[in-house]
Amino acid sequence: MEFVPTTCPYCGTGCSFNLVVRDNKVLGIEPWHTPPISEGKLCQKGRYAHQFIHSSDRLTRPLIKKNGAFVESTWDEAYRLIVEKLKSYSPDEFGCLASAKASNEDNYVMQKFARIVLKTNNIDHCARLCHSSTVAGLSEVFGSGAMTNSILDLQESKCIFVIGSNTFEQHPLIGRRLVLARKMGAKIIYADPRHTPTAKQSDLHLSMYSGTDVALLNGLMHHIIKNGWEDREFIESRTKNFNSMKETVMKDDYDLKNVSKITGIPEPDMATAAEWIAKSKPAAAVFSMGITQHTVGVDNVKSVANLMMLTGNIGKPGSGVNPLRGQNNVQGASDMGGLPNVYSGYQKVTDEEARRKMMRMWGADEIAGAQVGHTLTEMVDILANEPGAIKCIYLLGENPMISDPDINHVRRALENVEFMVSQEIFLSETAELADVVLPAACYAEKNGTHTNTERRVQRWRKAVDPPGGAKPDWLIICEIARLMGYEKQFPYKNEGEIFDEIARVTPSYAGMNYGRLEHPYALQWPCPDTSHPGTQILHRERFATNDGLGIFTAVEWKPPAEVTDSLYPLILTTGRSIWHWHTGTMTRRSTTLDSEVKTGWVEINTKDAEDLGIGDGEVVRVLSRRGQIEIPAKVTEDIKYGEVFIPFHFKECPANILTINAVDSISKIPEYKACAVKVEKIEKKTFG
Ligand code: SF4
């Protein structure tokens, strides 16, 4: 029996555990006590993260679609077809998707392939769908788009303001830190339309309507300034543009009485929250997709930053703006340059000096031009609306047929693709539409690193061989690049050589190597040289902006793109279940997780259910202007009257048939958290 230490493949918390291995099989998971985040503990997803590895339907051989059906092929045949096709398109005709599930090494090689071999910046990944608003918003006001503090640090807080993050279900081991902080006297404030397990662990639940975050945040700041509770010294010494922000939030519109009408939160609750945040030192803000997935996602993020600067809660232990990244490597896939506007380390593709540097470091005479490429959401729109403009899609482990908004629109888009390649571990709903599917190794079958939500770069270690002929993603891409004539630029023999190159070209990773990452604490970036211990807290003395000052932003509240009306009178918000992960490709193949929650549900308030004559467990029809699904109802007091909630994991009742593909104008993130729907009674069935 062997114990192979590694990191959880699910959420951005980045817990560590040992894979128990015998005879090239992973038999189970055992605690690994020394890493600081999990300290030997795991949530249910991590506890059973071995169960999908040896599933009988893992992809083991390349598949080529012939006459509408997949036929198994050799790697040589699949590569020959791919190379021939890739050589036939021009750079603008490509769209590439990297993956927040894959390692840093996989993502780095993927973006390098797009830029050197395909000569396109049309590369993006699912960070677009979860935290692009965070990166855009925080980069502008702090000079860095990352979580400012660390997970352990939350325990030092005296007040934690959780907004738009169901932390106990989505990042359970970060939720544990909230409990520990509370035990040590911290107040927990929770703002969300649902009375989730996180609400149940809080001291104050601000039960708000979806899409009213800026109104709430402005209201809290209005009340703080009105009472003179702002941190004058911090504002004067560390920030700029305070007066323009103040002018906006002090309008009568943001008096708590008016804000109560917009948000649905009782005025005294908001007054209490404002006082706790302002007077508790230090206080931290924690947020996730409830803040980012809106057409005003960037505004929401900037408003959270405003609140924390107003109260002097940046750059200190227990404070900060703490966005919790969704998938295991959302942070890393972005750090690696799996984005249309930046190379690794957020070096801009439009910066000629950065471009020349990358050409020199990569030994390439020509790479993609200095223009920003298309985002994921733009690529889907172009495919749907301008057939032929993008002809070839190359996907690394992404499943937009479940994860993207308005799935009917996504299907129309992908059906217009002339040639699609998908590297996958299972035949996902999206891979089914591909022309060639290449079998990939999963996290337990390869080495590598990934970067958790607090910028900690941790190791994956190979425990078993991939099934059949499956290969690590980076190796597949390198082999194709070599066949395309780029042996010199893709010479890697192993993952360590790729990581060494990442460190050479990426300033924030410059001091890292596999040897240093062997330590259970690993390293948090920025880590600029090999003697640097890594960085737990950003912006201690100065912000990463050009002049070192944090920038306040005047932000006005705007309603969601689609509001309720007499035809569609309920607000739909979407999210995840504690038992499942994203599009369910892994968790629905884990017998334990699948046996706990077998299908989706629509959560509906008791009074709404009464109005519609719907009973708990009854199968109902939910309709939006985009489509309709049938789904069991869960009648509960735990959701606000007038709102419904659907988890998006389940292909038989996919929430994203209903969601809208309206996007934030800056980050291009879709508004998953608010659209208008109606619920209709159809027949009675037992839920479960
Ligand atoms: Fe894995 Fe996240 Fe659970 Fe930790 S909290 S075990 S990283 S799913």
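**Exercise 1. Locate glutamate 603 in this predicted model and state whether it is buried or exposed.**

Step 1. Glutamate 603 belongs to strand 22 (residues 602-605); strands are DSSP runs of E with at least two residues, helices runs of H or I with at least four, both numbered from the N terminus.

Step 2. Its relative accessible area is 5%. Buried means under 20%, exposed over 50%, and partly exposed in between (1.4 Å probe, protein chains only). Glutamate 603 is therefore buried.

Residues are numbered from 1 along each chain as its sequence is written. In this predicted model, local features need pLDDT of at least 70 and side-chain atom pairs count only at pLDDT 80 or more, while totals for chains, interfaces and linings use all residues; side-chain values use heavy atoms, without hydrogens and water.

**Exercise 2. Identify the side chains with which the side chain of glutamate 603 makes polar contacts.**

Step 1. A polar contact is a pair of N or O atoms within 3.5 Å; within protein, one must be able to donate a hydrogen and the other to accept it, and residues adjacent in sequence count only if both atoms are side-chain atoms.

Step 2. The side chain of arginine 194 is joined to that of glutamate 603 at 3.0 Å, and the side chain of tryptophan 601 is a partner at 3.5 Å.

**Exercise 3. Determine which elements have the lowest and the highest mean pLDDT.**

Step 1. pLDDT is the predictor's confidence in each residue, from 0 to 100. The protein averages 93, and 99% of the residues score at least 70.
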